[in-house]
Amino acid sequence: MKNVDNEIHLSGTPISDGVAIGRLYLISQDEQPLIPEFSIEKDQVDKEISRYRNALSSSREDLIQLQGFLSDEGTGEASSIIDTHIQMLEDPFITTFIEKKIRSQLQNTESVFRSVMGEYEKKFVTRGDQYFQQRLIDVKDLSCRILKHLYPTNEGTQHIPFHAVLCAKEFVPSHTAEACVSKVSAFLSEIGGATSHAALIARSKGIPFVANLNYVKLKKHEGSLIIIDGTSGKVIVNPSGETLKKFQQIKDGILEDYEQLIQELEDEPFEQADLGVKLFANVANISDIDSANSCRAQGIGLFRTEFLFLQDNLFEISEEEQFEIYLQVINKASDLPVTFRFFDFGSDKGLYGSDYPEEPNPALGCRATRFLLKEKVVFERQVRALLRASQYGKMKLMFPLIMDLEEFNLAKNFVLNVMGQLLAEGKTVDRSIPIGCMIEVPSAALTSDLLAGASDFFSIGTNDLLQYTLAVDRANPIVTDLYYPAHPSILRLIRLIVDNAKAKGKEVYVCGEMASSPLFVEMLLGLGIRKLSCAPRHIPWTRNMLRKIDLEDAREFATHLLSLSSTEMIEEAIKKRHEELTSV
Ligand code: PEP
Ligand code: MG
């Protein structure tokens, strides 16, 4: 913590970008509300159970209302998380089990509910992996909601003043989902990784979020004016007039620039013909396709299919259920091509609803394509559903986290065999559907010459490529400062992948977060990338950068960056260059 006059400067982990100014408002989760505990007579049981059922149905109504509001806002990812909570309300554990307990324990509903949920939460705590930690947050979130209906108190987000900067030890998804952009300026928390549900919601709404801050220290400043820079992770409490003015200008500038940009770009032909660059959208559900369309993406470069089935047991996702959804995606995308990524289950994305054995190191364990090759029933259902949908639109398929040519061939042959079966059954499929692979691990990058012979295209997943090349967990806030996109090894690997793909006439997409940062656009172009895929919200900024870039200069710039020996030197050169380009 650094004090400048009265200003207090803090530094946290940036989770969702943008600048916000507001008053600090704390959401207390330290103490559980005191609830009454008493015994009931047998003849009171029915009344207690009916109170419980009412609380469940009111919780359901809240969630449905919240979901409607989220889809109006166009935050589809958030809406699918709330969908998970609605499904959880129907779980027999929440319905019949608790009712049985009320009958057998002869205690009032809230005390039975709290003690059963407490036991249930303990089970999740013992599972150390990220996925179970996220589910624990979902369970806590839902049980608080039910409890509030059983025993209403004044807590909740309704009383939050306008322009509040909400601070909590840890945010649950409903906090971020219920917050509307017009009321909540930003989120600050002590715990929270970049891939938590609360983070996904904040990002999809465009609300700045900084995590990894000390809650107890912030608590002392409740009500103070505070500035949040969600891009750098800087937080300033009690800013001076001068600091305030500076950040207000940055904030206004970002907003004005965005609005002006959207207007300017509206009338421009989309394709930067002279550069030959195409911009695609990364999406995770059907409603995101609307955002991709409104940002005029030229296709869906990455459809993260696993996000479509967040609430299901992955072993029970049927072919038919998938086929219906993929068809909706294709229809909604209309003429736009869609690249579906096969399920990327495991590691930080979890193995939904399954009792899959816990692994000592899930990031290096049975995830993504490895998992699919092991669990052929799950794989086959998805392949059949996707191939059946392929006749209705322009589709591409790709495998996540491919390790090498052998693994790619195994996976691709599996798809071709399923295609043969479908044809034998008399079904129509797109026989020439392109099948590509993501390059996300160094072994694939280093053997991309071999892979390029077999794969129809490459898509570089820079989020994982960084994680595995630098050995830095992408979701761990403690090592975020070591997660360097501008590391010399990353630049070299990208160049190698592009050269190997080019030699075999194959296209290379970049679909990791790197593609969404205007800072890296020129460098990626200079390294030979012509297809970028990022979250729809970032597309206008990338398009804007493209207007300022000359390909010859970009090539020279990339060659210069490749000659530098440290991340610091590369970062500095990129920042300087970005300033030059954007000041024109
Ligand atoms: C990546 O790793 O860069 C990527 C796009 O995939 P995901 O973030 O879904 O792992
Ligand atoms: Mg990945």
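Mentor: A residue is called buried when its relative accessible area is under 20%, exposed when it is over 50%, and partly exposed in between, with a 1.4 Å probe and protein chains only. Helices (H or I, at least four residues) and strands (E, at least two) are DSSP runs, numbered from the N terminus. The model is predicted, so local features need pLDDT of at least 70 and side-chain atom pairs count only at pLDDT 80 or more, while totals for chains, interfaces and linings use all residues. Residues are numbered from 1 along each chain as its sequence is written, chains are lettered from A and ligands numbered from 1 in the order in which they are written, and side-chain values use heavy atoms, with hydrogens and water left out.

The buried residues of H20 are Ile539, Pro540, Thr542, Arg543, Asn544, Met545 and Leu546.

Glu440 (OE) and Asp464 (OD) coordinate the magnesium ion (ligand 2) at 2.1 Å. Glu440 belongs to the loop between strand S14 (435–439) and helix H15 (442–446), and Asp464 to helix H17 (residues 462–470), so the pair ties together parts 24 residues apart in sequence. Donors here are N, O and S atoms within 2.8 Å of the metal (3.2 Å for Na, K and Ca); water is not among the atoms, so sites may look incomplete. Glu440 has a relative accessible area of 2% and is buried, and Asp464, at 1%, is buried as well.

Asp464 has a further partner. It forms a salt bridge (a side-chain nitrogen of Lys or Arg within 4 Å of a carboxyl oxygen of Asp or Glu) with Arg367, whose closest N and O atoms to it are 3.5 Å apart. Arg367 lies in the loop between strand S12 (338–341) and helix H12 (368–374), so this pair joins parts 97 residues apart in sequence. Arg367 is buried at 0% relative accessibility.

Elsewhere, Asp46 and Arg103 meet in a salt bridge at 3.7 Å, N to O. Asp46 is exposed, with a relative accessible area of 54%, whereas Arg103 is partly exposed at 45%.
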